[in-house]
Amino acid sequence: MQPNRHVFKLPLVDFTSFASSLSQTEKLYTAQAIHEANRQHGFVCLRNSGIPKQSIEKAFGASRTLFDLDSSQKQSLKQIDPKSNTGYVGYGREALNRRRATDLKEAFNVRNTSFMDSTDLEGTPEEFQEATQDLWTLLKKLSDEYAACCAMALDLEEDYFSDTLKDMDLCTLRLLHYPPCDESDQTPKAGKESNECAIRVGEHTDFGIFTFLFVHDYHDESSLGLQVKAVEGGEIDHSDNNVWNDIEFDQESLEIIDRDDTAALIVNTGALMARWTNDVWRATAHRVIVSPKSYSSHRYSIAMFVDPDKETVCSVHPKFVNNGEEPNYPPIKSIDYLLMKLREAQGESDDKGKNKSNIFCKCFVKK
Ligand SMILES: O=C(O)CCC(=O)C(=O)O
Ligand SMILES: [Fe+2]
């Protein structure tokens, strides 16, 4: 039995009005729902995203073929290096939470083609390049639409966020695979930071504006494991009194998203958005546990981390600061923020100058 098991029902928001350029009145209705979800939870399920379901399936197919390669083939793929932030991340090489054991996952990062080398995808399966680039293009469009929706939701100028996504030079499309775990890994001990708790991805908040997340397949128990924790403000709470909520889709939600023509996805607010809004919108800590129902299954997900362009200065917008009060955060450049998070992830004892080249790497890569 799991102690403190709570289920979090994601709010479903229909995105048709932005995905199909409907009227301002309809968009405003959607934007208000997004505002409520991000203010209260920092997590939402966007349905009718405009992204064809086949494109997601194609990307998951390519992901499965890639991670099915044998280990010598995976070793000959381009290995992720902090400078390019592109390529293969081997199993157990990262820890999104440095206070824990390494994450039980492998991954492959793809970036905007203009920031990738022609050799970066060498050795990937035949369909991989087309599937990931198609998905990138679709998610770029969705980023612009969601950025416009966020601006409307917060009553800011229409281009307030989309102006920061012109180059998408820090954005990453990441394919993730969580291989089956041993039986002994299946019992997370809630609230413990130590290595005894088997976790597929350690507790963290995403760094950027927002993250798009597809989990394969919502109907199957293998998709389980994502948990969220509500926190005050935008940073991780390391206290031991954690109550974690399992993200699950109930039957009714599943029937709704099955009937939709285009794909549903999870969207969560990143820490820079929490800073921009002075914590009016939350960057909610989350993790992926080894779910007792599915520890022996493969789990696949695809995340698009949408980060503001490198040179963007992220300052708390004055409308979120009450008269006479100080903003919760000083202004910071997008790239400096990523660097700062990296230093945090690598611990105080590291030589800070040495890590300068790691500015594209969002998380700790084990040597
Ligand atoms: O795989 C998932 O469901 C979530 C992964 C995640 O939160 C991350 O990589 O930042
Ligand atoms: Fe995350």
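F161 is buried, at 0% relative accessible area. Buried means under 20% relative accessible area, exposed over 50% and partly exposed in between, with a 1.4 Å probe and protein chains only. W276 is buried too, with a relative accessible area of 3%.

This is a predicted model, in which local features need pLDDT of at least 70, side-chain atom pairs count only at pLDDT 80 or more, and totals for chains, interfaces and linings use all residues. Residues are numbered from 1 along each chain as its sequence is written, chains are lettered from A and ligands numbered from 1 in the order in which they are written, and side-chain values use heavy atoms, without hydrogens and water.

**Aromatic pairs**

The whole structure holds 10 aromatic pairs. Rings of Phe, Tyr and Trp (its six-membered ring) pair if their centres lie within 6.5 Å; planes under 30 degrees apart are stacked, over 60 edge-to-face, the rest tilted. Y146 and F210 form an edge-to-face pair, 4.8 Å centre to centre with 85 degrees between the planes. This pair links distant parts of the chain, 64 residues apart: Y146 is in helix α5 (residues 128–153) and F210 in strand β9 (residues 210–216). Helices (H or I, at least four residues) and strands (E, at least two) are DSSP runs, numbered from the N terminus. Y146 counts as buried because its relative accessibility is 1%. F210 counts as buried at 2%.

F161 and W276 also pair edge-to-face, at 5.2 Å centre to centre and 75 degrees between the planes. Here the partners are 115 residues apart: F161 is in the loop between α5 and β7 (172–178), W276 in helix α7 (residues 271–276). One aromatic cluster is formed by F15, F18, Y146, F210 and F212.

**Ligand 1**

The shell around ligand 1 includes L96, D206, R299 and F305. A residue belongs near the ligand if one of its heavy atoms lies within 4 Å of it. The shell divides into 5 nonpolar, 3 polar and 2 charged residues. β14 (299–306) and β13 (285–289) each supply at least two shell residues. The largest share, 3 residues, comes from β14.

How values were computed. Nonpolar A, V, L, I, M, F, W, Y, C, P; charged D, E, K, R; others polar.
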